Amino acid sequence: RSGKAVQIIRTTVADIPSVSIKSRSIFVNVHTKLTLSAVIRSGNVSKAFGLSQRWYCTSGNFNLSDSRNLLSDTTTENLIIRPNSLTPGSTYTFSIKAWYSGLKEEHDDHGEASVTIQTNYPPVFGTCKGSPPVGTAMITSFRLSCE
């Protein structure tokens, strides 16, 4: 397995929010909820402006605008995806943009961070057996093997 992180540095004369994403793992199980947490820091701009943010799925076949897939709103710092909403064996890239309230979201003066996650495949067909087939708990040593 491997991981990947990308950092794009863009120069601007404006003060833009600093954005990063905390995630527990880049490999996730589809039957558990996925929580992505953004850390957004404003620069030297007055707190009076406030910050706005929005999550996006920039790759993979996942619809963030379908509320049935989510346990949170896409405009909060935490994105929580409902269990069984992602497809096993798929790769998704989630991004968050943050900008100062009053500026348009599409404006170049926004901070952005992305994380790519991969969903695990379910177990594949196989057989497991125990040896010996019969014994006494806490007395008999059992050996389990799967093929």
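Predicted model: local features only at pLDDT ≥ 70, side-chain atom pairs only at ≥ 80, totals over all residues.

Biologist: In which sense do β2 and β7 pair, parallel or antiparallel?

Modeller: Strand β2, residues 27-28, pairs with β7 in the parallel sense, over two bridges. Here Phe 27 stands opposite Gln 118 of β7.

Biologist: Which side chains along β7 point to the buried face?

Modeller: The side chains of β7 alternate. Gly 111, Ala 113, Val 115, Ile 117 and Thr 119 point to one face and are buried.

Biologist: How many residues does the largest nonpolar core have, and which of them have the most contacts inside it?

Modeller: That core has 23 residues, and Trp 55, Phe 62, Leu 86 and Phe 94 have the most contacts inside it. At least two residues of this core come from each of β1, β3, β4, β5, β6 and β7. As for Leu 86, beyond residues up to four places away in sequence, its contacts include Val 28, Leu 34, Phe 62, Phe 94 and Ile 117.

Biologist: How is a pair of aromatic rings described?

Modeller: Such a pair is described by the distance of the ring centres and the angle of the planes. There are three aromatic pairs in this structure. In one of them, Phe 62 and Tyr 92 have ring centres 6.0 Å apart and planes at 80°, so the pair is edge-to-face. This pair links distant parts of the chain, with Phe 62 in the loop between β4 and β5 and Tyr 92 in strand β6, 30 residues apart. Phe 62 and Tyr 92 are both buried.

Biologist: What is the arrangement of Phe 62 and Phe 94?

Modeller: The ring centres of Phe 62 and Phe 94 are 6.0 Å apart and the planes stand at 80°, so this pair is edge-to-face. Phe 94 lies in strand β6, 32 residues from Phe 62. One aromatic cluster is formed by Phe 62, Tyr 92 and Phe 94.

Biologist: Is Ser 85 buried or exposed?

Modeller: Ser 85 has a relative accessible area of 17%, and therefore counts as buried, the cut-off being under 20%. Ser 85 is found in the loop between β5 and β6. A polar atom of its side chain lies 3.0 Å from the backbone oxygen of Arg 82.

Conventions. Residues numbered from 1 in each chain as written. Heavy atoms only, no water. Helix = DSSP H or I, 4+ residues; strand = E, 2+ residues; numbered from the N terminus. Buried < 20%, exposed > 50% of the residue type's maximum accessible area, 1.4 Å probe, protein only. Polar contact = N/O pair within 3.5 Å; in protein donor to acceptor, adjacent residues only side chain to side chain. Core = buried A, V, L, I, M, F, W, Y, C linked by side-chain atoms within 4.5 Å. Contact = heavy atoms within 4.5 Å. Pairing = 2+ DSSP bridges. Phe/Tyr/Trp six-rings, centres within 6.5 Å; stacked < 30°, edge-to-face > 60°.
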